[in-house]
Amino acid sequence: MQPLTNRAKPVDRRPMTLVERIYLWNIFKGMMITLKHLFKRKATISYPEQKRPFSPVFRGLHILNRDEEGRERCTACGLCALACPAEAITMEAAERKKGEEHLYREEKYAARYEINMLRCIFCGLCEEACPKDAIYLSETFAPANYQRKGFIYGKKDLLIPHPKEDPEAYKKALGNRYKQSQNAN
Ligand code: SF4
Ligand code: SF4
């Protein structure tokens, strides 16, 4: 029968020689390949001790942002939820009470804010839709979990650390955004 391509290789059916039958030569050839790779640059790293830097365009886990005073920026306008193609965001709005000005930047805030990370496709449209710079996709990813409910992230999981109470954690959560803001000043 005529082959469709010329890629087929005929099988070598010659009887094995003595050297081939004792396999030592083949084992030696295999060991040489292993030895050659010992001196090559490693393709792997010792994760989690070593970590690769993320690409500047990496879109990871969401962060709910605060302003420089530590007040929550989100005003529960719902634009992020509206923009989300995966319908992953839900929220409940509440009105800021007297004396809560140091907690919430706007008169309306998100009393409940949830993202279902199993639905999210990390497209970044919520970040683009937000008029208050209140949400952004950070340089980290959602850790693995055994239960589906572990992937429903609430406000306590999403809120960035307080810039005054924990400045180091705040800077770390901002990542590249912090460096960019420093360069812009
Ligand atoms: S990144 Fe995209 S899919 Fe995920 S919550 Fe934001 S808009 Fe929705
Ligand atoms: S994160 Fe931004 S877009 Fe979403 S509800 Fe809050 S202020 Fe509105």
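What follows is a short chat about reading the core, the sheet and the ligand shell of a predicted model.

Me: What should I know before I start?

Reply: The model is predicted, with local features needing pLDDT of at least 70 and side-chain atom pairs pLDDT 80 or more, while totals for chains, interfaces and linings use all residues. Residues count from 1 along each chain as its sequence is written, and chains are lettered from A and ligands numbered from 1 in written order.

Me: Which residues of the largest nonpolar core touch the most other members?

Reply: A nonpolar core is a set of buried Ala, Val, Leu, Ile, Met, Phe, Trp, Tyr and Cys residues joined through C-beta atoms within 7 Å; buried means 20 or more other C-beta atoms within 10 Å of a residue's own, with C-beta atoms placed from the backbone. Here the largest has 22 residues, and L64, C74, I89 and I135 touch the most other members. β3 gives the largest share, four residues.

Me: How do the strands of the open sheet line up?

Reply: Strands are DSSP runs (E, at least two residues), numbered from the N terminus, and two of them pair if DSSP finds at least two bridges between them. This open sheet runs β2-β3-β5 with antiparallel pairing. β2 (89-95) and β5 (152-153) are at the edges with a single partner strand each, so one side of each has no neighbour in the sheet. Seven bridges join β2 and β3, and E92 sits opposite R112 in β3.

Me: What surrounds ligand 1?

Reply: A residue is near a molecule if its C-beta atom, placed from the backbone, lies within 6 Å of it. Ligand 1 has 14 such residues around it, the closest being C84, C120, C123, L125 and C126.

How values were computed
A residue is buried if 20 or more other C-beta atoms lie within 10 Å of its own, exposed if 12 or fewer, and partly exposed in between; C-beta atoms are placed from the backbone.
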